[in-house]
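Student: I would like to go through this model with you, one question at a time.
Tutor: Go ahead.

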Amino acid sequence: ALATDAATLAAIVSPYTITISDTAAHIQADLASGASSTLVLNRTLVASVVVSDAGTVALTDTQALVAGVADSTGAVMARLTGGSFTVSSATIAHLDALAALTVPPASIAVVDTTAAIQSDLVSGSSRLLAHRAVLSGIAASGGTITLTAAQVRAAHVDDGAGSIFSLLSGATLVVSGVSVADADTIAGLPV
């Protein structure tokens, strides 16, 4: 309804602020419009955004990274009360930027290719490992992730609850370079 009220609000000449109260679904739908979002365009007039149903405003990574959504203390998400802010369908490439937002999401669901996931895990500076605590899941596009025995045994890769592979779905793990002495250890990994 904010979009239909924009003309009325524009006619008010004295300084004012407004409180928006709407469902998470409506807030999410507006913010999905990106830079043309009514909330983003009018954020300087908005004192607070109340999630009336206490729901979750779930945005994609590109929606969350739009200027005015969560990037400053004056952003829409900085004014959000009564609900939560999460990111779904995030690529690994956007994890650092999402974590650096002034108002970071409560959780991030990653969706990426198996090639991107494998590349990240063998990079030596894994974004998945760095941001593991905020990840709610990792969905791969299908295929195989090949790691060496040493890579799969690295901390938080496949060592139980909260590890990268405990969050991963949609991929098959192949471990290469396994010695006979390590076969039982690798076979006993959680995934």
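Student: In which strand does Ser 89 lie?
Tutor: Helices (H or I, at least four residues) and strands (E, at least two) are DSSP runs, numbered from the N terminus. This is a predicted model in which local features need pLDDT of at least 70, side-chain atom pairs count only at pLDDT 80 or more, and totals for chains, interfaces and linings use all residues. Residues are numbered from 1 along each chain as its sequence is written, and side-chain values use heavy atoms, with hydrogens and water left out. On that basis, Ser 89 lies in strand E5 (residues 84–90).

Student: Is Ser 89 buried, partly exposed or exposed?
Tutor: Buried means under 20% relative accessible area, exposed over 50%, and partly exposed in between (1.4 Å probe, protein chains only). Ser 89 is not a glycine, yet its phi is positive, near 60°. With a relative accessible area of 37%, Ser 89 is partly exposed.

Student: How many helices and strands are there in the protein chain?
Tutor: Strand E5, which holds Ser 89, is one of the numbered strands. The count for the protein chain is ten helices and ten strands.

Student: Is the chain a compact globule or more spread out?
Tutor: The globule rule is 2.2 Å times the number of residues to the power 0.38, and the radius of gyration is taken over C-alpha atoms. For 191 residues the rule gives 16 Å, whereas the radius of gyration is 21 Å, well over that value. The C-alpha trace spans about 80 × 25 × 25 Å along its principal axes. The radius of gyration is well over the rule, so the chain is more spread out than a compact globule.

Student: What share of the contacts with a separation of 6 or more comes from residues 24 or more positions apart?
Tutor: Contact means heavy atoms within 4.5 Å. Of the 191 residues, 37% count as buried. Among contacts with a separation of 6 or more, the share from residues 24 or more positions apart is 69%.

Student: Why do the buried residues of H2 line one face of the helix?
Tutor: Helix H2 (residues 24–31) has Ala 24, Ile 27, Asp 30 and Leu 31 as its buried residues. The arc is that of the directions from the helix axis to the C-beta atoms. Seen down the axis of H2, the buried residues line one face because they fall within an arc of 130°.

Student: Which elements are included in what covers the buried residues of H2?
Tutor: The buried residues in question include Ile 27 and Leu 31. Their cover includes helices H3 (38–41) and H4 (61–64), along with strands E1 (18–22), E2 (46–51) and E3 (56–60).

Student: Which residues of H6 are buried, and where do they sit around the axis?
Tutor: In helix H6 (residues 114–121), the buried residues are Thr 114, Ile 117, Asp 120 and Leu 121. They cover an arc of only 130° around the axis, which puts them on the same side of H6.

Student: Which residues is Thr 114 in contact with, leaving aside its neighbours within four places in sequence?
Tutor: Thr 114 is found in helix H6 and is buried, with a relative accessible area of 11%. Apart from neighbours within four places in sequence, its contacts are Ala 140, Ser 141, Gly 142, Gly 143, Thr 144, Ile 145 and Ala 171.

Student: Is His 131 buried or exposed, and which residues is it in contact with?
Tutor: His 131 has its place in the loop between H7 and E7. At a relative accessible area of 15%, His 131 is buried. Leaving aside neighbours within four places in sequence, His 131 is in contact with Leu 95, Asp 96 and Ala 99.

Student: Which residues does His 156 touch, not counting those up to four places away in sequence?
Tutor: His 156 lies in the loop between helix H8 (149–153) and H9. At 34% relative accessibility, His 156 counts as partly exposed. Not counting residues up to four places away in sequence, His 156 touches Leu 129, Arg 132, Ser 163 and Ile 164.

Student: Where is Ala 54, and what is its phi?
Tutor: Ala 54 is in the loop between E2 and E3. Ala 54 counts as exposed, at 56% relative accessibility. Although Ala 54 is not a glycine, its phi is positive, at about 55°.

Student: What separates the C-alpha atoms of Ser 52 and Gly 83?
Tutor: Ser 52 also lies in the loop between E2 and E3, and it touches Ser 21, Asp 22 and Thr 23, not counting residues up to four places away in sequence. Ser 52 and Gly 83 are 31 residues apart along the chain, and their C-alpha atoms are separated by 8.0 Å.
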